[in-house]
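Here are a few friendly notes to read alongside the model. Have it open as you go through the points.

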Amino acid sequence: MEKELAFFDKIRTVTPYTPGEQPKNQNVIKLNTNENPYPPSPKVQKVLEAFEAGVLRKYPDPLCTELIDALSKEYGVSKDRIFVGVGSDDVLAMSFLTFFNSKKPIVFPDITYSFYDVWADVFRIPYEMIPLKDDFTINTEAFVNTDCGGVVIPNPNAPTGVILETSAIEEIIKAHQDSVVIIDEAYVDFGGRSVLPLIDKYENLLVVQTFSKSRSLAGSRIGFAFGSEKLIKYLSDVKFSFNSYTMDSITQKIGAAALSDKEYFTETTKKIVKTREYFKKEVSKLGFTFPDSMSNFVFIHHDQYNAKDLFAALKENNIFVRYFDKPRINDYLRVTIGTKEDMDKILAFLSEYTK
């Protein structure tokens, strides 16, 4: 027994991130993980249909050349300033491991993507969380004035959906030019403004995006980052020291195909934005309040109804949303924007529930 206890003392333990539930029953309205309600571009389907299985006997291109070429063309950024990974989670995890190697804590908001503190714990990175203001906006002054070893800010933020203006982000970057500042733009395509142009101005800026939301490829896992040549080289060195073949051959091809269909991308993101604004208008009529979301979800609250009870009632009726049992936000529900039909169904339920 003593040997067993000594063995377990040597294990690195961490409280893991809890992803949104993936119900086995497909006959549900799934509005809990911010997935895109529309399928990927038809060009993705064509790639899948034409793909030869024999290719899979070989290792994939470790440099992800086809995908990075497509990203370079689409965003107008040179290839040596682009990094790709298996979803933005992979890109962010590699970034934490690469750039946050100081005794000073890194900082991020107290209400934000709940993977940030998990990565900090896994890699033994000290961190501090800076509270959002009462209206759930980011306290720019607090971020500017903190002494830290790095900064992470999602923009728009999750789960609130609130956006921080580019001028405020630039203030933060300017204040911390001795550390890396990561701007996580997972939801930027739904109404935000990317700070990508600032990588030409600041060598310490890393901008991270994903194909999971706006390009309907959550099931394929593609994330990417833009930064200075130096940042991307350091990031790539760590990635190739960890696993050279992280992205499979099919994923690389369908990512490039998705990027080539700008018309479809514009059409589907516009649909989601239109449905989001419709949902915001209709749910407010039922007495719900929410921060002004610029993402593909809305963070709703009602003064007269308990969020946890409402979450359970929705689930009983096969409507899945996200509930976070955490301080400051345990009376809110995050509702992903689905199709117009999906949102009409949840609105009908909420209308009955609040009568």
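Which residues have the most contacts inside the largest nonpolar core?

1. They are Leu67, Leu71, Val84, Phe143, Val151, Leu205 and Phe211, in a core of 48 residues. A nonpolar core here is a set of buried Ala, Val, Leu, Ile, Met, Phe, Trp, Tyr and Cys residues joined through side-chain atoms within 4.5 Å. Buried means under 20% relative accessible area, exposed over 50%, and partly exposed in between, with a 1.4 Å probe and protein chains only.

2. Before going on, please keep in mind that this is a predicted model, in which local features need pLDDT of at least 70 and side-chain atom pairs count only at pLDDT 80 or more, while totals for chains, interfaces and linings use all residues. Residues are numbered from 1 along each chain as its sequence is written, and side-chain values use heavy atoms, leaving out hydrogens and water.

3. Helix 9 supplies the largest share, five residues. Helices (H or I, at least four residues) and strands (E, at least two) are DSSP runs, numbered from the N terminus. A second, separate core has 30 residues, including Ala313, Leu314, Val321 and Tyr323.

4. Leaving aside residues up to four places away in sequence, Leu67 touches Val84, Phe211, Ile222, Met247, Gln252, Gly255, Ala256 and Leu259. Contact means heavy atoms within 4.5 Å.

5. For the overall picture, the protein has 12 helices and 12 strands, and buried residues make up 52% of its 355 residues. Among contacts between residues at least 6 apart in sequence, 73% join residues at least 24 apart. The C-alpha atoms fill a box of roughly 60 × 55 × 50 Å along the principal axes.

6. Now for some backbone details. Most residues other than glycine have a negative phi, and most peptide bonds are trans. The bond from Asn155 to Pro156 is cis, with omega near 0°, and the bond from Ala158 to Pro159 is cis too, with omega near 10°. Pro156 lies in the loop between strand 5 and helix 7, and Pro159 is found in that loop as well.

7. Arg221, in the loop between strand 7 and strand 8, has a positive phi of about 70°. Arg221 counts as partly exposed because its relative accessibility is 27%. Asn318 has a positive phi near 60° and sits in the loop between helix 11 (307-316) and strand 10 (319-320). With a relative accessible area of 32%, Asn318 is partly exposed.
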